[in-house]
Amino acid sequence: MKFRCGFIYLLLGVASSQTARQDNCRCEQKANACPFIPGMAGLPGPTGQKGDQGLQGPPGKAGPAGIKGDQGPVGERGPKGDHGAEEIRGLQHEVNILKEQLEDLRNAVLRNQNAHLFPNGKSVLRKLFKTDGSQGSFESSKATCLQAGGQLASPKTLAENSAIQQIVARHNKAAYLGMNDLQSEGTYKHLNGDEVIYTNWATEEPNNAGGKEDCIEIYLDGKWNDRSCTERRLIVCEF
């Protein structure tokens, strides 16, 4: 009886061993056929070396305009320029010249208009010498010519003196000329203050006879004589 039991146990042990080996084989086959199940993440490894810089990409689109900033403070005033001032002075000079020319033209027109009131006369270049046949002292002769827009005839050339001579010869009367030495004896000046350069004195003239001959008259032959300024002479005006 004991022998049978021991034999049976021996057989069972062998069978169990074979079954275990078969189970192990089946597990290994299943392991190869089953999907891999990952385990838990390990600790991070050390930092790798920095790689080379890549190529620069294309520029992006411009962003929207920013808000306008506050106006800055006014800067210091710079020095005054010279160029503009010179131009202004030049323009002012040109304007003054034009004004003078316009005034000369206006006066010339007035002189010509007034000269027509005198019936007899002679012209020399731009000058007109005329008379209305009236007579007067040196001062009244000056006033008459001035009122007419001219002045007492005052020849400065031989041609002008000849024109006046023809007028006095036609009227057969001597005439005062617009010059005298009232300010300084022996120094004759025109009415505008210019010193007399052209002269046509008669022989032994001027002589200041009696110490009162400060004006000049023109004879019918065109010669000059110093004469008192209070005598009445033909009035010949210059325009």
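Q: What's the handedness of the disulfide between C145 and C237?
A: In this predicted model, the torsion about the S-S bond of C145 and C237 is about -85°, so that disulfide is left-handed. The two sulfur atoms sit 2.0 Å apart.

Q: Which parts does the C145 and C237 pair tie together?
A: C145 belongs to helix α3, residues 138–147, and C237 to strand β10, residues 237–238. The pair therefore ties together parts 92 residues apart in sequence.

Q: Are C145 and C237 buried or exposed?
A: Both are buried.

Q: How many disulfides does a search of the whole structure find?
A: It finds 2. Besides the link of C145 and C237, a disulfide joins C215 to C229, with 1.8 Å from S to S.

Q: Is the link of C215 and C229 left-handed or right-handed?
A: Right-handed, with 100° about the S-S bond.

Q: Where do C215 and C229 lie?
A: C215 is in strand β7, residues 215–218. C229 is in the loop between β8 (224–227) and β9 (233–234). So this pair ties together parts that are 14 residues apart in sequence.

Q: Why does C229 count as buried?
A: Its relative accessible area is 16%, and buried means under 20%. C215 is buried too, with a relative accessible area of 0%.

Q: What's the pairing, if I number the bonded cysteines in sequence order?
A: 1-4, 2-3.

Q: New topic. How many helices and strands are there in the protein?
A: There are 4 helices and 10 strands. Along the sequence the pattern reads α-α-β-β-β-α-β-α-β-β-β-β-β-β.

Q: And what share of the residues counts as buried?
A: 24% of the 239 residues. The accessible surface comes to about 18300 Å², and 55% of that belongs to carbon and sulfur atoms.

Q: What about contacts between residues at least 6 apart in sequence?
A: Of those, 67% join residues at least 24 apart.

Q: How should I read coordinates where pLDDT is low?
A: Not in detail.

Technical notes:
Residues numbered from 1 in each chain as written. Predicted model: local features only at pLDDT ≥ 70, side-chain atom pairs only at ≥ 80, totals over all residues. Heavy atoms only, no water. Disulfide = S-S within 2.5 Å. Helix = DSSP H or I, 4+ residues; strand = E, 2+ residues; numbered from the N terminus. Buried < 20%, exposed > 50% of the residue type's maximum accessible area, 1.4 Å probe, protein only. Contact = heavy atoms within 4.5 Å. Areas by Shrake-Rupley, 256 points an atom, 1.4 Å probe, with all protein chains shown as cover.
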